[in-house]
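Subject: Structure handover

Hello,

Here is the structure we talked about, for you to open alongside this email. My notes on it follow below.

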Amino acid sequence: MTDLPGIVVTGGSGRMGQMLINAVQASDACTLIGVLERVGHDWVGQDVGIAMGGAAIGVSVSDDPVTSFASAQAIIDFTAPAATIGFAELAAQARAVHVIGTTGLTEGDIAKLDAAARHAVIVRAGNMSLGVNLLVQLTKKVAAALDEDFDIEIIEAHHHHKIDAPSGTALMLGEAAAQGRGVVLKDVSDSGRDGITGARTRGDIGFTAIRGGDIVGEHDVLFAAAGERIKLTHIATDRAVFARGALKAAIWGQTQKPGSYTMFDVLGLSED
Ligand SMILES: NC(=O)c1ccc[n+]([C@@H]2O[C@H](COP(=O)([O-])OP(=O)(O)OC[C@H]3O[C@@H](n4cnc5c(N)ncnc54)[C@H](O)[C@@H]3O)[C@@H](O)[C@H]2O)c1
Ligand SMILES: O=C(O)C1=N[C@H](C(=O)O)CCC1
């Protein structure tokens, strides 16, 4: 037995799931007590160490979130929107901290997460890296300092398996730019340009998504005016940066009251 927070990783066989399992195993601040996969996945029932191609670690992969979450202090969840919504209700019932990295959530999904956060701590961010959260802060400041003579464009690039666009990070950056300008993102958002689109509307915030190969995650915020351009860039080369942030959130969440939090709260970054 240990007093360290017990962590369940959902979507254990995924790109982030495996990264998170390794990060929890390497940490001396928490302990891996469960790994979840979807019903029918061939990892279910196997020791996760063996499923990952190594030695047994004494944690078998389950497809039953109710039993897995019952003894957990935190759930780290990088899966898919439908799975995350179901997990939020169960994590809240278990009073476990729910750290959500899943992107592609709709406004309706987020309302359901906010309802679950009345009973338990939820930390959610489209990007859990320190670098991107600093970039969000910088984007808001630069957007606030410039007027609409500067067109704002957000360009993101990810691996060819990614299923959602714009990325969660691009949306965080778009929100920050909109807040800096004092506008509402959905009123000025321009994504998916194709065909005869007409000239760019002044004040719009544009999004472009590139998908290819094994790109981990790259984001540019471009401020383009007549005669000059400013570009803010973040490049992730290792998914460990997301796992590191998620673990920090799971541990930080242990001492918080129920509610919805972001990585700004975890990292102590100001909203200004
Ligand atoms: N916030 C961040 O910092 C950050 C970083 C990287 C990825 N992501 C997001 O995390 C999510 C996962 O990314 P990935 O690249 O690891 O994807 P992936 O497809 O490699 O992994 C997802 C895993 O979830 C599992 N899964 C799906 N439904 C499930 C269910 N009902 N129960 C249990 N497991 C289930 C799948 O079987 C799969 O193993 C995406 O939404 C991605 O955008 C966020
Ligand atoms: O690989 C992914 O998928 C990523 N998703 C997040 C996003 O949508 O921004 C973070 C970067 C990697």
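**Around Gly168**

Gly168 touches Thr103, Gly126 and Asn127, not counting residues up to four places away in sequence. Before going further, please note that this is a predicted model. The mean pLDDT of the chain is 97, with 100% of its residues at 70 or more. For the complex, the predictor gives an ipTM of 0.99 and a pTM of 0.98.

Gly168 sits in helix 7. It counts as buried because 21 C-beta neighbours lie inside 10 Å, and the cut-off for buried is 20 or more. In UniProt, an unreviewed entry places the feature "binding site" at His159, Gly168 and Thr169.

His159 belongs to the loop between strand 7 (151-158) and helix 7 (168-181). With 13 C-beta neighbours inside 10 Å, His159 is partly exposed. Apart from neighbours within four places in sequence, His159 is in contact with Gly213, Asp214 and Ile215.

The loop between strand 7 and helix 7 also holds Pro166. The peptide bond from Ala165 to Pro166 is cis, and its omega is near -10 degrees. That is worth a look, as most peptide bonds are trans.

**Ligand 2**

The residues that surround ligand 2 are Thr103, Gly126, Asn127, His158, Lys162, Ser167, Gly168, Thr169 and Gly217. By class, this shell has eight polar residues, one charged and no nonpolar.

**Helix 7**

Helix 7 has 14 residues, which should span 20 Å at 1.5 Å a residue; its end C-alpha atoms are 20 Å apart, so the two agree. The helix is mostly covered, with 11 of its 14 residues buried. Among the buried ones are Gly168, Thr169, Leu171, Met172, Leu173 and Arg181. What do the buried residues of helix 7 pack against? Their partners are helix 6 (130-145), strand 7, helix 8 (185-188), strand 8 (189-191), strand 9 (205-211) and strand 10 (217-225). Just after helix 7, Gly182 takes a positive phi of about 75 degrees.

**Ligand 1 and helix 1**

Ligand 1 is surrounded by 25 residues, of which Gly11, Gly14, Met16, Ala83 and Gly101 are the closest. The shell divides into 14 polar, eight nonpolar and three charged residues. Which element gives the largest share of this shell? Helix 1 does, with three residues.

Helix 1 covers residues 15-26, 12 residues in total, and reaches 17 Å from its first C-alpha to its last, close to the 16 Å expected. Its buried residues are Met16, Gly17, Gln18, Met19, Leu20, Ile21, Ala23 and Val24. They pack against strand 1 (6-10), strand 2 (31-36), helix 2 (48-51), strand 4 (74-77) and helix 9 (240-252).

The end C-alpha atoms of residues 7-128 lie 17 Å apart, and the span is 37% helix and 20% strand.

The unreviewed UniProt entry also places a "binding site" feature at Arg38. Arg38 is found in the loop between strand 2 and helix 2. Is Arg38 buried or partly exposed? It is partly exposed, because 14 other C-beta atoms lie within 10 Å.

Ser60 lies in the loop between helix 2 and strand 3 (61-62). With 17 C-beta neighbours inside 10 Å, Ser60 counts as partly exposed. Leaving aside neighbours within four places in sequence, Ser60 is in contact with Gly45, Gln46, Asp47 and Val48. Ser60 and Trp252 are 192 residues apart in sequence, and their C-alpha atoms are 26 Å apart in space.

Arg95 is in the loop between helix 4 (81-93) and strand 5 (97-100). Arg95 has a positive phi of about 55 degrees although it is not a glycine. Most residues other than glycine have a negative phi. Arg95 is partly exposed, with 13 C-beta neighbours inside 10 Å.

Regards

Note on methods: Residues numbered from 1 in each chain as written. Chains lettered and ligands numbered in written order. Predicted model: local features only at pLDDT ≥ 70, side-chain atom pairs only at ≥ 80, totals over all residues. UniProt positions renumbered as here; feature names shortened; annotations may be inferred. Helix = DSSP H or I, 4+ residues; strand = E, 2+ residues; numbered from the N terminus. Buried ≥ 20, exposed ≤ 12 C-beta atoms within 10 Å, placed from the backbone. Contact = placed C-beta atoms within 7 Å. Expected span 1.5 Å × (residues − 1). Near = placed C-beta within 6 Å. Nonpolar A, V, L, I, M, F, W, Y, C, P; charged D, E, K, R; others polar. pLDDT = per-residue confidence, 0-100.
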